[in-house]
Structure formats: C-alpha cells, structure tokens
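Here are some notes to read alongside the structure.

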Amino acid sequence: MANFVLNAEAREVAQQGKGSSRRLRHAAKVPAIIYGGEAAPVAVSLELRQLVKFLESNSFFEEVIEIDVNGKVESVKIQALQRHPAKNTPMHADFKRA
C-alpha cells in the first residue's frame, strides 16, 4: 500500500497543449503524464493543493505513488517535476509506471 494517493482526471487529446495547460494551471490544477510499461501514455490533471502537500515530504520522490485516474489506480514513481522559476509552484509532472 502506498502512502501517497493522488486523485487525477484523464485529459483528452483536445485538452492537451500550451493553451489547455495554461487554463488548467489557472484553475489550480497541474498537467501531468503517466507513461512506461505496456500501456499507452495517459495525460492527466492533478489538484495543485494535493500535489504541493505531498511534495513537502522527501519520501514522495522515493516511494511508489498511487494515482487514481477516473477509478483506475496506477502505481507510479515521479520521474520529473517542472516548477515555476519565480513562484516555485509545480507546473508539470512526469510519472513512470512502477
């Protein structure tokens, strides 16, 4: 059982790109991607508040994380995190399936 469980919403192809990502960030969400393994990559959006809370713990970067994508649970590890240069808030996250 993972200590960290993130709730996410899958994004459609029409909701991907620079403009859509900006709208997500303005709505206090973080665009992210889950890739690796046999399954196809999945674009998701995470709640900013929940992600920031988990980022305060160093073990978040080391342990397996569970992401609930519309009822389907994915076990992942964080691969990359992009932050805003001045505000230090997360702008995008990459997760690799464990």
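This is a predicted model: local features need pLDDT of at least 70, side-chain atom pairs count only at pLDDT 80 or more; totals for chains, interfaces and linings use all residues.

1. According to UniProt, in an unreviewed entry, residues 6-95 carry the annotation "domain: Large ribosomal subunit protein bL25 L25".

2. Have a look at the strands next. β1 (5-10) pairs with β3 (residues 42-47) in the antiparallel sense, over three bridges. To find your way along this pairing, go to Ala10, which stands opposite Val44 in β3.

3. β3 has a second pairing to check: β2 (residues 29-35) runs antiparallel to β3, and six bridges join them. Here Val30 has Leu46 of β3 as its bridge partner. The hairpin of β2 and β3 has six residues between the strands, and Gly36 takes a positive phi near 100° in that hairpin.

4. Back in β1, pick out Ala8. Is Ala8 buried or exposed? Ala8 counts as buried because its relative accessibility is 7%, and the cut-off for buried is under 20%. Its contacts, leaving aside residues up to four places away in sequence, are Val44, Ser45, Leu46, Ile67, Asp68, Val69 and Asn70. Ala43 is 35 residues from Ala8 along the chain, and their C-alpha atoms are separated by 9.7 Å.

5. You'll find Arg11 in the loop between β1 and α1 (18-26). Arg11 is buried yet has no salt bridge. How far away is the nearest side chain of opposite charge? That side chain belongs to Asp94, and the distance is 8.5 Å.

6. So what does surround Arg11? Beyond residues up to four places away in sequence, Arg11 touches Gln16, Ser21, Leu24, Pro31, Ala32, Ala43, Val44 and Ser45. One of these, Val44, has its backbone oxygen 3.2 Å from a polar atom of the Arg11 side chain.

7. Last stop: Val52, in helix α2 (residues 48-55). Val52 counts as partly exposed because its relative accessibility is 32%, and that class lies between the 20% and 50% cut-offs. Val64 is 12 residues from Val52 along the chain, with 17 Å between their C-alpha atoms.

Conventions:
Residues are numbered from 1 along each chain as its sequence is written. Side-chain values use heavy atoms; hydrogens and water are left out. Helices (H or I, at least four residues) and strands (E, at least two) are DSSP runs, numbered from the N terminus. Buried means under 20% relative accessible area, exposed over 50%, partly exposed in between (1.4 Å probe, protein chains only). Lys and Arg count as positive and Asp and Glu as negative; His and the chain ends are not counted. A salt bridge is a side-chain nitrogen of Lys or Arg within 4 Å of a carboxyl oxygen of Asp or Glu. A polar contact is a pair of N or O atoms within 3.5 Å; within protein, one must be able to donate a hydrogen and the other to accept it, and residues adjacent in sequence count only if both atoms are side-chain atoms. Contact means heavy atoms within 4.5 Å. Two strands pair if DSSP finds at least two bridges between them. UniProt positions are given in the numbering used here, feature names are shortened, and annotations may be inferred rather than shown by experiment.
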